Amino acid sequence: MGLTLDTLPEAIVFEICNWLDIFSLVNLSEVNNALRSLANTRSSFWLETLSSTDLMLSFTDPTPLSERDAQELSTAAHRAVMIERNLTSNETKLQSWRYIPWPFELSEGVTPSKRAMDETAQGAIKMHLVDGSGEWMIFVSSRNVIRVVHLRTGKVAAIYDKLYYSDRDLAAGATFVWGVEIFYEGTKHMARMVMSCSVPSESPDEDDKVTPGLAVLEMDLDAANSLVEVRLIGTKALSAFVLMSDVAGPFVVTIIPEYGNDKEGAVTMFRWIDWTPIKLPQLFKASKCCLFEEYFISIGNSPNHQLFIQIVAYPYKSCNEKSPNNSDLSDEEVARLIKIPLPLQSFHIPYTQPLPSGSYQPLFRLCHRYSGQRFSTVHLWIRSPGYGSYNIFTIKFDLFDLRTRAEKVATGSAGENLSLVQHFIGPPETKRVLQEEGLRHYAVATPSGRRYLWWRPTPHTVRYAPPNPWIVDEGYSEEAGDDSETSVTAATAAVPHEYEMFELYTSSTDGLAPLSEMEPDTLDRWYRVRVDGHQYPPGSASAKQLEGIRRLPVPKSLACMQGELFLFLLVESCGTALVQLRTGDFWVLRYGKA
């Protein structure tokens, strides 16, 4: 009898799985009951493919893939493929949506302070962050007031206003900087947040009692009751306002600018439990940094104005717990580990445009997903000021190599020839996103770096006339903790305009070409692509970009809205898009799970 998929040894099945992309692997997992059972019981079925995919997986905590069970991996893979297929379909479906007007409704038990009530919509929504599950949105106002909104119910689950900037700090140009980590502690869903603010001065010579600094907060996220408990767990006084900050586990990484330079600065790392500084290798001045479970990534500018992606790993994963105070390590062991040299991988990025200086400030978007597996991918999106096109550079780094070097130093087994600093030449630009002609807002890259979102204003002569495949006349809202849907007509009926004003679009970078493959005669110096029906040569970079565009259906209330747009973004891991006006009103659009 010949071999079939049912009779192949597991080792051979897993080897086949390792060579498949995520779409093919999901299809394989559904071929028959035997493969379906294997996919739901053996994590080896998924690990290799999920560690290398660019699709965002629906995990809200940073647990490595190798520590997750097969059922978790199978569910995440199927959900990611379902979302991607919907977003790339010619008939994308809007599964559900919610309209949340300003002022936001308060959950029972949430009481706003006078300071929060006095804020305007534009002040209250100054900064924002959405968690990977599409459940929560955190706003930080221009007065450092925190609002946590439960997106399933549209209610404010918490208002925290105990952090602020002093008048002196505001006059000196205080920057509003923050980072958030979402995780689970047992079964409890939590968030940890680092935030810039004024804190009590640690110097007796200070004229004022407060000085620029950082605060660390923890939040208990209760989706069932649409409530969040926020508590302050630590503050740190600093010499200046930080340009950027991020948090992961018991560590905080920041960029502290030098005097006279507010575009870049020195990367500094702390263990926030006691604010012990971590000894870092020599790094270039950075303009951006992101902290993950075992490493941080910074975008550095060398003295010769060359661009680098620098990755620093730390070896003490055993003390990088979600409950660091319960670590098995003694204080003496932790004190030793946080002072050892750390390994560095530095990648030169062949970007030829000017780097930050003076008022010139390119936009950098660092796109990366922590997997805990050996090879990891980083996508760097760069947009020069005044241009709507993006240069995309992609590097891969070896986490196991970094981890091994760090562990050898930590255990004292490093030989004399072990180098802690490695230099690499990054590949040339991999792809270029062209600027659409006539856009008012530039496209926004998603967290994965392989998809982007934008909107187009429509001529006021386009009359709304159902049926329309891109206009959802009857929407649905979600009730917390309940998969049932309730028809919503209030938001639709509230907008009397009869003309479409807004169109939402998305595309992936899969079919894009780098600048080296673009035809000079089809582009102007701004790298703009026309969307007025102009015919580009088949196979050209412009034609490829236009072929991949997909229009997303939106509710009639959004399509016919009037008002100035403030933000639009897409959370790929759950297929949720958010669009917000400067009036504070916003729409939650779910193209993944309803």
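1. Contact order and overall make-up. Among contacts in the protein chain between residues at least 6 apart in sequence, 63% join residues at least 24 apart; a contact here means heavy atoms within 4.5 Å. The protein chain has 13 helices and 36 strands, where helices (H or I, at least four residues) and strands (E, at least two) are DSSP runs numbered from the N terminus. Of its 594 residues, 55% count as buried. Buried denotes under 20% relative accessible area, exposed over 50%, and partly exposed the range in between, with a 1.4 Å probe and protein chains only.

2. Basis of the values. The model is predicted: local features need pLDDT of at least 70 and side-chain atom pairs count only at pLDDT 80 or more, whereas totals for chains, interfaces and linings use all residues. Residues are numbered from 1 along each chain as its sequence is written, and side-chain values use heavy atoms, with hydrogens and water left out.

3. Strand E35. Strand E35 spans residues 576–581, and six of its six residues are buried. In a regular strand the side chains alternate between the two faces of the sheet. In E35 both faces are covered: one side carries Thr 576, Leu 578 and Gln 580, the other Ala 577, Val 579 and Leu 581, and all of these are buried.

4. Partners of E35. Strand E34 (residues 565–571) runs antiparallel to E35 and is joined to it by six bridges; two strands are taken to pair if DSSP finds at least two bridges between them. Leu 569 has Leu 578 in E35 as its bridge partner. E35 is also joined by five bridges to strand E36 (residues 586–590), again in an antiparallel arrangement. Here Gln 580 stands opposite Phe 586 in E36. Leu 578 and Gln 580 both belong to one face of E35.

5. The two turns flanking E35. E34 and E35 form a hairpin with four residues between them, and Gly 575 in that turn has a positive phi of about 70°. The hairpin of E35 and E36 has four residues between the strands as well, with Gly 584 taking a positive phi near 100°.

6. Hairpin of E19 and E20. Strand E19 (residues 363–368) and strand E20 (residues 375–383) run antiparallel and are joined by six bridges. Arg 365 stands opposite Trp 381 in E20. Six residues lie between the strands of this hairpin, and Gly 372 takes a positive phi near 80°.

7. Backbone points to check. Which residues take a positive phi without being glycine? Trp 275 is one of them, with phi near 60°, and His 305 is another, with phi of about 60°. Trp 275 is found in the loop between strand E13 (265–271) and strand E14 (276–277), and His 305 lies in the loop between strand E16 (295–301) and strand E17 (307–313). Is each residue buried or exposed? Trp 275 is buried, with a relative accessible area of 11%, whereas His 305 is exposed at 56%. Separately, a cis peptide bond with omega of about 0° joins Trp 102 and Pro 103. Pro 103 is placed in the loop between strand E1 (96–100) and strand E2 (105–106).

8. Helices H3 and H5. The axes of helix H3 (residues 33–41) and helix H5 (residues 70–88) come within 6 Å and cross at roughly 110°. Axes are lines fitted to C-alpha atoms, for helices over the stretch in contact, and angles run from 0 to 180 degrees between N-to-C directions. The two helices are therefore roughly perpendicular to each other, a class that covers 65 to 115 degrees, against under 35 for roughly parallel, over 145 for roughly antiparallel and oblique for the rest. Ala 39, Asn 40 and Thr 41 in H3 meet Ala 70, Gln 71 and Ser 74 in H5. The residues of this contact divide into two nonpolar, four polar and no charged.

9. Ser 508. This residue is in strand E30 (residues 502–508) and is buried, with a relative accessible area of 15%. Its side chain reaches the backbone nitrogen of Asp 510 at 3.4 Å. Not counting residues up to four places away in sequence, Ser 508 touches Arg 450, Arg 451 and Tyr 452.

10. Lys 339. The loop between helix H9 (331–337) and strand E18 (344–349) holds Lys 339, which is exposed, with a relative accessible area of 58%. Lys 339 and Thr 276 are 63 residues apart in sequence and 9.6 Å apart in space, C-alpha to C-alpha.

Definitions and conventions. Ala, Val, Leu, Ile, Met, Phe, Trp, Tyr, Cys and Pro count as nonpolar, Asp, Glu, Lys and Arg as charged, and the others, Gly among them, as polar. A polar contact is a pair of N or O atoms within 3.5 Å; within protein, one must be able to donate a hydrogen and the other to accept it, and residues adjacent in sequence count only if both atoms are side-chain atoms.
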